[in-house]
Amino acid sequence: MSRIEDSSRFRRGQPVTIVVDGERVPAYRGKTIAGALLATGHRAWRRTRHGQPRGLFCGIGVCFDCTVTVNGTTNVRACLTPIADGMIVETGIPMEHQP
Amino acid sequence: MNASRKMNAPVVIIGGGIVGCAAAYYLSKSGVQVTLLERSVLGDEASGRNGGGVRQQCRDRRERGLAMASVRLWQELQATLEPDIEYRQGGNIRLATDEKRLSDLRCQSEEELQDGLPVEMWDQSELRRRAPYLAEIFLGAKYCASDGMANPLLVSRALGWAAQRSGARILTHTEAFQIEIQGRQVTSVLAKDAQGEFVIETPQVIHAGGPWTPHLSQTLGVVVPIVPARSSLAITQRMPRLFDEFVSSHDLGVYARQAREGQIHIGRSVSEPGETFDQTTPLPTIEKLARGAAQMIPALRGSNFLRTWTGTLENTPDGIAIISAVDGIAGYLIAAGFSGHGFCLGPIAGKLLSEWLVEGEPSMSLREFRLARFQK
Amino acid sequence: MIEPVEIVVVGAGPGGLSAALAAAHAGAQVTLIDSNRQPGGQYFRQPANELHGEPSRHQREGQALWQQVQSAGVRFWAETTVWGATTEKILSLNGKDVPGTIQAQAIVLATGTFERTSAFPGWTLPGVMTAGAAQTLLKEQRILPGKKILLVGTGPLQLVLAAELVRAGAQVVAVLEGAPIFRNGARHLSALWRQWERIAEGANSWLTLASHRIPYRMGWGIVSASGNQQVERATIARLDDTWRPVAGSEEQIACDTILLGYGFIPFHALAQWLGAIMTWQPELGGDIPVRDSNMQTSVPGIYAVGDGAGVGGAALALVEGEIAGIAAAAQTGHQTGRAAQRIRSLAPALAREQQFQKMYAALFTPGAGLYALGNNETILCRCEEITLAQVRRAIALGATTIKEIKSITRVGMGDCQGRMCSHLIANVIARETGQSVNQVGMLRPRPPLFPTPITAIARTPSEQMEVAHP
Ligand SMILES: Cc1cc2nc3c(=O)[nH]c(=O)nc-3n(C[C@H](O)[C@@H](O)[C@H](O)COP(=O)(O)OP(=O)(O)OC[C@H]3O[C@@H](n4cnc5c(N)ncnc54)[C@H](O)[C@@H]3O)c2cc1C
Ligand SMILES: Cc1cc2nc3c(=O)[nH]c(=O)nc-3n(C[C@H](O)[C@H](O)[C@H](O)COP(=O)(O)OP(=O)(O)OC[C@H]3O[C@@H](n4cnc5c(N)ncnc54)[C@H](O)[C@@H]3O)c2cc1C
Ligand code: FES
């Protein structure tokens, strides 16, 4: 949703770009994938097998709701994984969940 | 003993694994009011933890006929049981990494064809063509198209609950601790549940207690040579549909199948040494499962193990089951010691036991499965 | 190959840091393991390395403790998850540049908790998340979870989080406290004695909320959430003593984010795998290991501390950690003469925190109504998308135990290993079959603790997987 690192107490990390479903998304180092997605207004990025939207839920890596595909590796938890410049993130229904 | 708790049953089945549940199912369908005792819940042991393979090929010749008859029953059960037991005939591939193994498989295939089981030998290029998901280390394979798999979590329960709907009394969390005889005739089973001990008067017991069978048969003075061993499985997270067959390699020591939901189940095709009822999963075994799986199916190298578990096998000295009356004791049938093949054979074992009691004789010979074969 | 280690501490939150420090001070070789990138656990959660700026008070406390731990010579393995454990004190690890398997002389488990949830209609909509998720985003990344935020749950942490969100610029539409605190609170006044620091933090938060006119409604809870593809509004209601919504009291409230803070469930799997005898203590979060006064479980040499051994907050975790650290070091032969006396000297602090823990449990343990909010279409298992209706159908077929429900419906078989749904399902089965939750039991976790790459388990990199062509 919104970033608050511009508040006086914090400075954000270096700007980097990640690619989310083919789209370039600006982000800042120190964010997790979930953080970067939320900060750019994405609230739901996974689709379940039944087509339901899901995003961040537990935030600490225990619920597996937030998973994405990162550089080809499926089932990566967006809430735990720090972004890196050029990282390729695929959201939506991971291949294995497609009927 | 609390005399106020007494029941009667024409037949008592001890053990709610697939064998006990199948017996209850077929007996109930024939109108016999069975009582089944299970000390845990239905299918909680090997019957609910196994690899799910329903295989006829690569069997001991003595049990090949039973396996083939069982497959016919599996087809019927798939059409009738609820919940859906996920049985399907996706084929079974037995792999060879060396010439010796390959020629053994070839010999076996001749015998199987003679016995009326359709199997095929695949050379390396045929294997590549038919199963491109396998690593390139295999020289060839034997294939049986009518083999398949089902979901072990569902089968015993579906059988038991169907029996219940046809009038069977299913007592879970109830353990039989003694079988009593008078003269040479079984008269009752003593059992205990959360409320305490009670008596079930019965002239007929079917003892299908898996690896625990010897403990209870001892109360009758009957020695049943079954020893426990542990066997473990792992499953991956869901994967894209990769294959339909049940594949196994004794050289790598693993087998694999992809469940309907997409997870890949990986088990050890060779048993772990040691007689034990311990059901923790040894960490070195998990490692072996992971290594074997990744060697057999390269696509698994990018996958994650989601869960592992362990069940208790029931091995006899000659590796096939005991489905048998006991000389000198009327009203006591043993059906146990399936030695790691009981999931496939459960339905036919249950059907034959039912015929035995209802018609006086099973429709297939059970000579090879007599307990007396060990009493030489 | 199994690498021998002396003392291993699993979890680098308050409990683990404190245990590692005490054991290292006594002279033991300590290895501290945490799956996070940074030490601190939940309470001391540090801002991401790359964010520069002034940390909060908790974060500064955490940094100070971490510096002591480092200077005491503790070896820290970050981003390393313990995925398996056996009764021989063997742990399996997944991490970079760490051994795959270690065997310890003594183990301190300080694994903390995850959050309890409630399955109400709409709880799977994006925008509904745990309070801890919001807390973590805020502490670690300085990100707000949404714009119009509703907090529902129980306990003072809600109040603190709401105030932090407000100070960071979010609009908090309301804070709903499920417990009727004022009715029950008077009985616990004695325990509040000497909890000034906590009261001050609470009061401060309270003032922030009051000055922004944010409603704090006691004895209220959520009934459902709705919206198209994400949360747009919530229905809330007054709760009776068992936390059931009172019919006719419902209100609608517009929001884009709902934070659930219904307390914590201990991570107890490792203790169980290591052979510790467990006990069911719902007011302390659920299944926890039985412990003696040295924080030792029923297995000699296995200690458990902090929220993972019974929810009690960071301050209790710190004391328990110190006791376990001293005891573990004594066990491996360090300062054996002084240990008992040092542990005795911590008794007053321990007693004070345990009293707070009791009060907290008495005030803020959700009632059974929390588990009765779902309707037939409500999903109970988020991973496998299993609804209440499916669970009811399995019960109608003949299933009475959680094991059977699991095999029939696939609840708890998904990627989270049943962590999210186990307590939800157990409560439903208990209600529908007339048993107690304890009788129904929880799903038993099986290794690996988290989905773990096959290559890490096999401890063979992918390219070495090929076997030689025969
Ligand atoms: C998401 C969340 C947010 C919270 N926020 C607050 C807060 O802001 N203020 C507050 O007072 N309380 C908060 N709490 C409660 C809180 O947990 C504390 O009371 C305190 O942090 C407990 O300390 P601990 O040492 O017992 O556990 P934690 O601080 O929870 O530390 C446990 C650590 O163990 C690690 N761990 C667990 N299992 C493994 C494993 N198998 N392998 C490797 N590492 C492992 C975890 O990564 C974690 O870092 C929060 C709890 C949660 C779940
Ligand atoms: C890991 C593993 C993988 C396997 N893979 C396959 C496979 O792919 N294909 C295949 O065909 N077979 C396989 N098997 C073997 C197969 O699972 C067994 O042969 C089969 O399940 C045996 O069924 P059962 O009913 O005889 O015994 P069990 O399933 O062991 O059931 C016996 C039941 O009796 C109960 N019991 C025992 N004593 C008493 C008593 N005194 N009172 C009350 N209850 C009692 C037990 O609690 C238990 O539920 C595998 C086994 C394991 C362990
Ligand atoms: S939000 Fe739960 S695992 Fe990422």
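The largest share of the shell around ligand 2, four residues, is supplied by β18(B), where strands (E, at least two residues) and helices (H or I, at least four) are DSSP runs numbered from the N terminus. The model is a predicted one, in which local features need pLDDT of at least 70 and side-chain atom pairs count only at pLDDT 80 or more, while totals for chains, interfaces and linings use all residues. Residues are numbered from 1 along each chain as its sequence is written, chains are lettered from A and ligands numbered from 1 in the order in which they are written, and side-chain values use heavy atoms, with hydrogens and water left out.

In total, 39 residues surround ligand 2, a residue being near a molecule if one of its heavy atoms lies within 4 Å of it. The closest are Glu38(B), Ser47(B), Gly53(B), Glu314(B) and Cys344(B). At least two shell residues come from each of α1 (18-29), α2 (46-49), β10 (175-182), β14 (227-238), β18 (304-315) and α9 (342-359) of chain B. By class, the shell holds 16 nonpolar, 17 polar and six charged residues; Ala, Val, Leu, Ile, Met, Phe, Trp, Tyr, Cys and Pro count as nonpolar, Asp, Glu, Lys and Arg as charged, and the others, Gly among them, as polar.

Backbone atoms of chain B also approach the ligand. A nitrogen atom of ligand 2 lies 3.0 Å from a backbone N or O atom of Gly51(B). Taken alone, ligand 2 exposes 1000 Å², of which the protein buries 97%; accessible areas come from the Shrake-Rupley method with a 1.4 Å probe, and for residues only the protein chains shown count as cover.

Chain C and chain A are in contact through 53 residues of chain C and 40 residues of chain A, contact meaning heavy atoms within 4.5 Å. Between them the two chains bury about 3900 Å², 55% of it on carbon and sulfur atoms; buried area is the accessible area (1.4 Å probe) that two parts lose on being put together, summed over both. Two salt bridges are counted between chain C and chain A, a salt bridge being a side-chain nitrogen of Lys or Arg within 4 Å of a carboxyl oxygen of Asp or Glu. Arg382(C) and Asp65(A) form a salt bridge through their side chains, at 2.5 Å from N to O. On the side of chain C that touches chain A, α3(C) gives the most, with seven residues.

How values were computed. A polar contact is a pair of N or O atoms within 3.5 Å; within protein, one must be able to donate a hydrogen and the other to accept it, and residues adjacent in sequence count only if both atoms are side-chain atoms.
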